[in-house]
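Here's a quick briefing to read with the model open beside you. Take it topic by topic and find each spot on screen as you go.

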Amino acid sequence: RSAAKPLVDAFFADKPRLTYGVQLKRRNNTTFPRKNAVDALAALVPEPHTVDLSNPDVTILCEVFKSIAGIAVVPDYHKHHDFNLRRIREKRSNASLDEDDNADIAAF
C-alpha cells in the first residue's frame with residue numbers, strides 16, 4: 001500500500017473526475033489476499049473519482065508473481081484488450097474483413 005500511494009496520488013492529482021477499476025493478477029502465489037489488496041488499492045484513489053468495473057477510464061493493475069508485486073496505473077486498459085496481443089490481432093483482422101466486404105459492396 002505504501003509503495004502504491006505515491007503512484008496513485010501522482011496519476012490522479014489535478015485530473016477531472018475519472019472512473020477507475022482495480023485488477024489483480026496472481027501467478028504462482030495463492031496466499032496473497034486478493035480482496036484485501038483490491039480494497040486497499042481502491043481506498044488510495046481520492047475523491048471525486050468513482051469505480052466502474054465494466055468500462056473504466058483508468059485501471060490500477062497489480063501483478064503478483066511469487067513474492068514480487070508490480071503496480072501500474074494504465075489509462076484505457078480495456079480499450080486495448082487488456083494488452084492481449086492475440087485479441088488485438090483478431091480485432092484488426094475482423095476490422096479488415098469488414099472493410100473488404102464494404103469495398104466489394106461499393107464496387108457492385
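Which strands does α2 lie across, and at about what angle does α2 run to β1? Helix α2 lies across β1, β3 and β4, and runs at about 150° to β1. Keep in mind that you're looking at a predicted model. The protein chain has three helices and four strands, and their order from the N terminus is α-β-α-β-β-β-α.

**The chain as a whole**

- The protein chain has 108 residues, and buried ones make up 26% of them.
- Take the contacts between residues at least 6 apart in sequence: 62% of these join residues at least 24 apart.

- The four strands form an open sheet in the order β2-β1-β3-β4, and the pairing is mixed.
- On the edges you'll find β2 (50-51) and β4, each of which pairs on one side only.
- Strands β1 and β2 pair in the parallel sense over two bridges, with Thr-19 standing opposite Thr-50 in β2.
- Strands β1 and β3 are also paired in the parallel sense, over eight bridges; here Val-22 has Ile-60 in β3 as its bridge partner.
- Strands β3 (residues 58-65) and β4 (residues 68-75) pair in the antiparallel sense over eight bridges.

**A helix to compare with α2**

- Helix α1 lies across β1, β3 and β4 as well, and α1 runs at about 5° to β4.

**The nonpolar core**

- A bit of background: in soluble globular proteins, nonpolar side chains tend to be buried together.
- The largest nonpolar core in this model has 17 residues, and those with the most contacts inside it are Val-8, Phe-12, Tyr-20, Leu-41, Val-58 and Ile-60.
- The elements giving two or more residues to this core are α1 (4-12), β1 (19-27), α2 (34-44) and β3.
- What does Phe-12 touch, leaving aside its neighbours within four places in sequence? The contacts of Phe-12 are Leu-18, Tyr-20, Val-45, Pro-46, His-49, Val-58 and Ile-60.
- Is Phe-12 buried or exposed? Phe-12 has a relative accessibility of 2%, so it counts as buried, the cut-off being under 20%.
- Tyr-20 is buried too, with a relative accessible area of 6%.

**The aromatic cluster**

- How many aromatic pairs does a search of the whole structure find? The search finds two.
- One of them joins Phe-11 and Phe-12: the ring centres are 5.4 Å apart and the planes meet at 80°, so this pair is edge-to-face.
- The pair of Phe-12 and Tyr-20 is edge-to-face as well, at 6.2 Å centre to centre and with 75° between the planes.
- Together, the ring pairs link Phe-11, Phe-12 and Tyr-20 into a cluster.
- Phe-11, like Phe-12, is buried.

- Asp-14 isn't a glycine, yet it has a positive phi of about 60°. You'll find Asp-14 in the loop between α1 and β1.
- Is Asp-14 buried or exposed? With a relative accessibility of 84%, Asp-14 counts as exposed, since the cut-off for that is over 50%.
- Lys-66 is another residue other than glycine with a positive phi, near 55°. Lys-66 lies in the loop between β3 and β4, in a hairpin that has two residues between the strands.
- The peptide bond from Glu-47 to Pro-48 is cis, with omega near 10°. To find Pro-48, go to the loop between α2 and β2.

Technical notes:
Residues numbered from 1 in each chain as written. Predicted model: local features only at pLDDT ≥ 70, side-chain atom pairs only at ≥ 80, totals over all residues. Heavy atoms only, no water. Pairing = 2+ DSSP bridges. Buried < 20%, exposed > 50% of the residue type's maximum accessible area, 1.4 Å probe, protein only. Contact = heavy atoms within 4.5 Å. Core = buried A, V, L, I, M, F, W, Y, C linked by side-chain atoms within 4.5 Å. Axes fitted to C-alpha atoms, helices over the stretch in contact; angles between N-to-C directions. Phe/Tyr/Trp six-rings, centres within 6.5 Å; stacked < 30°, edge-to-face > 60°.
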